[in-house]
Amino acid sequence: MRLIQGALDAGARLSEIYIDTVGDPERYKARLSRTFPGISFTVCPKADALYPVVRTSMTHGCWSATLMDEPLP
């Protein structure tokens with residue numbers, strides 16, 4: 001969540017975020033949607049296999065590495 005907030009604070013205009021999760025996707029999505037109500041979240045296991053944008057970010061190791069290292073409390 002700090003990563004998303006940091007991007008917003010830096011001026012990024014986010015409308016959709018895709019997250020590959022190991023935990024309960026509905027729990028993550030609900031928490032993220034409450035915290036960032038103007039953003040649409042897609043949260044699911046194996047998102048990298050389903051959505052090319054996630055696969056690309058994981059390949060390049062940019063945003064996904066930080067997200068995977070910071071699980072929701």
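Analyst: The answer below begins with the chain and then turns to the core and its aromatic residues.

The model is a predicted one. Its protein chain has five helices and two strands, and from the N terminus on these elements run α-β-α-β-α-α-α. Of the 73 residues in the chain, 25% are buried. The accessible surface comes to about 4900 Å², with carbon and sulfur atoms accounting for 56% of that area.

The largest nonpolar core has nine residues: Ile-4, Ile-17, Ile-19, Tyr-28, Leu-32, Phe-36, Ile-39, Phe-41 and Val-43. Two or more of these residues come from each of strand S1 (16–20), helix H2 (25–35) and strand S2 (40–44). In soluble globular proteins, nonpolar side chains tend to be buried together.

Phe-36 and Phe-41 are both buried, and the structure holds one aromatic pair. This pair is formed by the rings of Phe-36 and Phe-41, whose centres lie 6.4 Å apart. The pair counts as tilted because the ring planes stand at 45 degrees, a value between the limits of under 30 degrees for stacked and over 60 for edge-to-face.

Tyr-28, another residue of the core, has a charged group over its ring: the charged end of Arg-27 sits there, 5.9 Å from the ring centre.

Note on methods: Residues are numbered from 1 along each chain as its sequence is written. This is a predicted model: local features need pLDDT of at least 70, side-chain atom pairs count only at pLDDT 80 or more; totals for chains, interfaces and linings use all residues. Side-chain values use heavy atoms; hydrogens and water are left out. A nonpolar core is a set of buried Ala, Val, Leu, Ile, Met, Phe, Trp, Tyr and Cys residues joined through side-chain atoms within 4.5 Å. Buried means under 20% relative accessible area, exposed over 50%, partly exposed in between (1.4 Å probe, protein chains only). Helices (H or I, at least four residues) and strands (E, at least two) are DSSP runs, numbered from the N terminus. Accessible areas come from the Shrake-Rupley method with a 1.4 Å probe; for residues, only the protein chains shown count as cover. Rings of Phe, Tyr and Trp (its six-membered ring) pair if their centres lie within 6.5 Å; planes under 30 degrees apart count as stacked, over 60 as edge-to-face and the rest as tilted. A charge sits over a ring if NZ of Lys or CZ of Arg is within 6 Å of the ring centre and within 35 degrees of the ring normal.
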